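Have a look at the model, try each task, then check the worked solution.

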Amino acid sequence: MNSVASTLNQVTDMEFNNQISVLTPNNWNTWKHDMQVLLMHYGCWQFIIQTKPEKPDEEATYKEKLDLQLRKDRCYTLIYTNISSDLKNLITETTDGVATWKILKDHFEPVTKARVIQLLDQFLEQNTNQGKMLESSYLV
């Protein structure tokens with residue numbers, strides 16, 4: 001890498017604020033978008049969305065293989081260091097960033113029949129409450 005590119009990378013790393021709120025049981029939607037940006041900045045988001053191969057090409061140099069492994073490791077460590085300690089037990093069985101993301105996503109966005117029914121109930125309850133509020137405002 002030439003010195004100009006190296007300097008630009010250093011400036012970019014210094015300017016980028018990688019401080020995001022840790023994941024808690026109540027901030028998944030905000031956290032996942034912040035984490036996506038952080039992973040994108042470090043070249044790791046491609047692993048999550050599966051656009052980068054898990055293994056390097058057979059013709060890859062040692063440096064390329066090492067770089068790929070370091071980015072995969074960084075993917076996991078960035079996620080791990082940005083979740084609250086009470087949620088870390090969800091991911092103790094893996095050190096893979098892709099698996100970690102899937103575990104967290106399945107935990108916070110389960111797509112089961114029970115979850116769909118729960119969300120539907122919440123939606124209908126909100127609509128019923130809004131309807132009652134509108135009805136009472138017309139009576140006043």
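**Exercise 1. Describe how helix α2 packs against helix α4.**

Step 1: α2 (residues 28–41) and α4 (residues 62–80) pack at an angle of about 145°, their axes 11 Å apart. Helices here are DSSP runs of H or I with at least four residues, numbered from the N terminus. Axes are lines fitted to C-alpha atoms over the stretch in contact, and angles run from 0 to 180 degrees between N-to-C directions.

Step 2: On the α2 side, W31, M35, L38 and L39 meet C75, L78 and I79 of α4, with contact meaning heavy atoms within 4.5 Å. By class, that's 7 nonpolar, no polar and no charged residues.

A word on the model: it is predicted, so local features need pLDDT of at least 70, side-chain atom pairs count only at pLDDT 80 or more, and totals for chains, interfaces and linings use all residues. Residues are numbered from 1 along each chain as its sequence is written, and side-chain values use heavy atoms, leaving out hydrogens and water.

**Exercise 2. Work out whether K32 is buried or exposed, and find its polar partner.**

Step 1: K32 is found in α2. Its relative accessibility is 18%, so K32 counts as buried (under 20%; exposed is over 50%, partly exposed in between, with a 1.4 Å probe and protein chains only).

Step 2: The K32 side chain makes a polar contact with the side chain of E109, at 2.5 Å.

**Exercise 3. Find what covers the buried residues of α4.**

Step 1: Those buried residues are L68, R71, K72, C75, Y76, L78 and I79.

Step 2: Their cover includes α2, α3 (45–48) and α5 (97–108).

Conventions: Helix = DSSP H or I, 4+ residues; strand = E, 2+ residues; numbered from the N terminus. Nonpolar A, V, L, I, M, F, W, Y, C, P; charged D, E, K, R; others polar. Polar contact = N/O pair within 3.5 Å; in protein donor to acceptor, adjacent residues only side chain to side chain.
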